[in-house]
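The sequence and the structure come first.

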Amino acid sequence: MDLRSELLKSIWYGFTALDLEKSGKVSKSQLKVLSHNLCTVLSIPHDPVALEEHFRDDDDGPVSSQGYMPYLNKYILDKVEEGCFVKEQVDELCWTLTAKKNYKPAKDNKNVLTGKDAFRLWCLFNFLSEDKYPLVMVPDEVEYLLKKICMAMSVELNCVELEDFISQDAVQQNGFTVWSFLEMINSGKITRGMGQEITSMAIEEVYREIVADVLKEGYLWKKGQLRRNWKERWFTLRPSTLAYYTSEDRKESQGSIALDGNCCVEVLPDRDGKRCMFCLKTLSKTYEMSASDTKQRQEWAAAIQTAIRLHAEGKTSLHKDLKLKRKEQREQRERRRLAKEEELQRFQALQEEKERKLTELELLKEAQRQAQALLEQDEMKWRQHHEEMQQALEVQLREAKESRATMQAEMVLKEEEAERQRKRIKELEEMQTSLEEALQQEIKARQDEEVFRYAQTGLLSEEEEKMKALMALQEEQEEYILKTQREKQELRQEMENKSRALEEAQRQLEEVRANRHRVDQDVVAAQRKLRQASTNVKHWNVQMNRLMRPIGPGEKRPSGGGSFSSFQIPSQRDPGLRLRQKSEEQDEESKENVDNSSSAGSGCEGGRGEIIERRLSQASNGDMDIP
């Protein structure tokens, strides 16, 4: 199936979608819009006048598909160049036109398919449908596609529902249309209640495999060409290239390897801490890769060799080749079926001929017996009338002998004919034996196919067990992560407790400093009162000296002794300095006992009160050193 045939299938849906009256004709204005959109997505220049010039001799009425085909081939498809456009955009344009008219999903949002899934199934239907219009798909291809989708979902195909759908009269007479196919999928009977997300992933995988020609995808470890280090990449294999990306979203391409007949794949021994290694050799480079297990390595090696073989054979798509082979097999089966039916008809005809010959032989024998009986009666009559009719008897006897000879010759011929019929019957029996042997061989082939299916089922169950083990490991890892998070939470809580204790100690230290400031203020006030008291005491001493002993004319002031000999000369030392030193000593003691700050604060206040009382008592007794 070439590119032109693929494009014509999609364009046919777009043309029929514009035929709203189902008359097989579309107006010129609609064809202009369709032609302009096709030229846009096919990346070819559009000539808006060409359509009018092409249909200049026609009337202004609508144009049929047969009338539009020459214009489509000449002005659009003949200008298309492969690789200059994205075919998926052409499919999306035609799907948008035809889906509005023909695709009618359920309105209760209980559809199995999303809009994107329906589009991909439409593309897959076009790829696998017959090259006849209107486009239909034979039941064998429908079963093949559904098996691929169910295999991608890891479920078995519901053959009973499929056979019930195939048994409908419209499907048996005309085959599957794309809309009946989408309706069957949307019913959910084939997918067996699988979720919409799983169905979407399976359809995308089959779409990329069949339509996008992706032979295999998956993660592999690749050894770099310059740094020689190993990195995990997502590889996508197509018949002509092996591309690799950073991740499976395929947004960041890291490179591509061109495949041709000079490439080969070799298995490598384990080294550098990597296992299941293999390499892809080209004319210029050797690419070393490592798979996750031996099975994956074998699958990748076989897939790459298939891509190299397809390139060597000049084929661009694996599934196009497989589709042609399946079509040839269907044609061969049909020819064998027709040959069997023809052989059976010939066998029935021979059987009927044999029965007819046997019937004729029985009739001849009966005629011979009747003739013999008549002959005996004639002989008896001849004996009775021997004397009277001797001459006539002799004549009749000669006639009877001649008749008998003729009948014997005829009997010999009949025996030869019966012998030939027996040989023919024997040949037919041998042919029947050969047909039975062929039937036995076909039964044995079907049994071998069942054995292979059972083996495949075993492999799938083994893969499910590995997935369960992987999920168990993942759960253990999540439990370990939760335990680590709980330990971190406990450590964080302990650090918060220590931080609160440190803040409490800092608060107590601030309280001690505030108490010290208050003590300093009290000391300053006490010093001020002491200075006032010392001034008052000095003044009282002077007044008392004057009053106790008046000085007469010409007398000198006594230098010592007298009633006030106990009065001392004020000391030149500063009492405020001594109080400040004692206060600083008290502050140092309070800093050393920061854990008992409250008791230290009360002691400091008590000491302050004692110092003030002692200074006041000294001042009242006259023992205070006055500066």
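A residue is called buried under 20% relative accessible area, exposed over 50%, and partly exposed in between, with a 1.4 Å probe and protein chains only. Glu288, at 13% relative accessibility, therefore counts as buried. The model is predicted: local features need pLDDT of at least 70, side-chain atom pairs count only at pLDDT 80 or more, and totals for chains, interfaces and linings use all residues. Residues are numbered from 1 along each chain as its sequence is written, and side-chain values use heavy atoms, with hydrogens and water left out.

**Salt bridges: rule and count**

- A salt bridge is a side-chain nitrogen of Lys or Arg within 4 Å of a carboxyl oxygen of Asp or Glu.
- The count by this rule is 38 salt bridges.
- Glu130, Glu141, Arg326 and Arg330 are linked in a network of salt bridges.

**Salt bridges between distant parts of the chain**

- Helices (H or I, at least four residues) and strands (E, at least two) are DSSP runs, numbered from the N terminus.
- In the salt bridge between Lys320 and Glu6, the closest N and O atoms are 2.8 Å apart. This pair links distant parts of the chain, with Lys320 in helix α13 (residues 318-384) and Glu6 in helix α1 (residues 3-18), 314 residues apart.
- Glu6 counts as buried because its relative accessibility is 12%.
- Glu288 also forms a salt bridge, with Arg271 as its partner and 2.9 Å between the closest N and O atoms. Here too distant parts of the chain are linked: Glu288 is in strand β9 (residues 286-290), and Arg271 is in the loop between β7 (264-268) and β8 (277-281), 17 residues apart.
- Arg271 has 33% relative accessibility and so counts as partly exposed, whereas Glu288 is buried.

**Helix α14: a salt bridge within the helix**

- Glu442 and Arg446 form a salt bridge whose closest N and O atoms lie 3.9 Å apart.
- The two residues are separated by about one helical turn, because Glu442 and Arg446 are four residues apart in helix α14.
- Glu442 is partly exposed at 35% relative accessibility, while Arg446 is exposed with a relative accessible area of 53%.

- Patches are made of residues with over 30% relative accessible area and no salt bridge; like charges are joined within 9 Å, and nonpolar side chains (Val, Leu, Ile, Met, Phe, Trp, Tyr) within 5 Å.
- Met467, Leu470 and Leu473 make a nonpolar surface patch of about 310 Å², with accessible areas from the Shrake-Rupley method with a 1.4 Å probe, where for residues only the protein chains shown count as cover.
- Met467 lies in helix α14 (residues 390-548) and counts as partly exposed, at 46% relative accessibility.
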